[in-house]
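Hi,

Here is the structure I promised to pass on.

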Amino acid sequence: MRIQLVSLHETALRGAFFSECLATDLHAPVPSAPRSSSRDVRIERARLGLAWFGLVETYEARMRSMHINGSKLDFVNLRNAALTDVLLSNCIIGELDLGSVTVQ
């Protein structure tokens, strides 16, 4: 699936599952996807969490084979998440919470 030029302002994606996706030019000022799962996902040129106190809520998420490239992330909450083969490249990250995260 290819997602392009999408705005996800305050969209709740709790428990969502994403598989084999490419998202480009994604804009989500207050994205929320706690307890979500993803596999084989690539995100390019995204602007996530840019609102005042912008927060990317992905706590307790399960991410496998994910690549985020050329994106700006304000505050990312990955507390208690499980990350396998996750790559962040050419990204600007304001603050990152990795409390109790599992990385492989």
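In which strand is Gly94 found? Gly94 is in strand S10, and I'll come back to this glycine below.

First, some housekeeping. This is a predicted model, in which local features need pLDDT of at least 70 and side-chain atom pairs count only at pLDDT 80 or more, while totals for chains, interfaces and linings use all residues. Residues are numbered from 1 along each chain as its sequence is written, and side-chain values use heavy atoms, with hydrogens and water left out.

**The overall picture**

The chain has zero helices and eleven strands. Both are DSSP runs numbered from the N terminus, with helices being H or I of at least four residues and strands being E of at least two. Read from the N terminus, the order is β-β-β-β-β-β-β-β-β-β-β. There are 104 residues in the chain, and 38% of them count as buried. Buried here means under 20% relative accessible area, exposed means over 50%, and partly exposed is in between (1.4 Å probe, protein chains only).

**The pocket**

The largest pocket holds about 670 Å³ of space. The search runs on a 1 Å grid over the protein atoms alone: a pocket is an open set of points where a 1.4 Å probe fits, with protein on both sides within 12 Å along at least five of seven lines, and a lining residue has an atom within 4 Å of a point. Grid points are joined across faces, edges and corners, and the volume is the space filled by probe spheres set on the points. The lining of this pocket has 34 residues, and Ile43, Leu48, Thr58, Met66 and Ile68 are the closest to its centre. Two or more lining residues come from each of S2 (17-24), S4 (37-44), S6 (55-57), S7 (62-69), S8 (72-77), S9 (82-89) and S10 (92-97). By type, the lining divides into 26 nonpolar, six polar and two charged residues. For that count, Ala, Val, Leu, Ile, Met, Phe, Trp, Tyr, Cys and Pro are nonpolar, Asp, Glu, Lys and Arg are charged, and the others, Gly among them, are polar.

**The core**

Which residues have the most contacts inside the largest nonpolar core? They are Ile43, Leu48, Met63 and Leu78, in a core of 18 residues. S2, S4, S7 and S8 each give at least two residues to this core, and S7 has the largest share with three. (A nonpolar core is a set of buried Ala, Val, Leu, Ile, Met, Phe, Trp, Tyr and Cys residues joined through side-chain atoms within 4.5 Å.)

Leu48 touches Leu26, Ala28, Pro31, Val56, Lys72, Leu73 and Asp74, leaving out residues up to four places away in sequence. Of these, Pro31 sits in the loop between S3 (27-28) and S4 and is buried, at 14% relative accessible area. The C-alpha atoms of Pro31 and Val56 are 5.3 Å apart, although 25 residues separate them along the chain.

- Gly94, as promised: it is exposed, at 59% relative accessible area. Beyond four places in sequence, Gly94 touches Leu73 and Asp74, and its C-alpha is 6.4 Å from that of Leu73, 21 residues away in sequence.
- Tyr59 is in the loop between S6 and S7. Setting aside neighbours within four places, Tyr59 contacts Arg14, Pro34, Arg35, Asn77, Leu78 and Arg79.
- Val101 lies in the loop between S10 and S11 (102-103). Not counting residues up to four places away, Val101 touches Leu78, Asn80, Ala81 and Leu83.
- Asn80, in the loop between S8 and S9, has a positive phi of about 60 degrees although it is not a glycine. Asn80 is partly exposed, at 35%.
- Asn90, in the loop between S9 and S10, also has a positive phi, near 55 degrees. Asn90 counts as exposed, at 65%.

Cheers

How values were computed:
Contact means heavy atoms within 4.5 Å.
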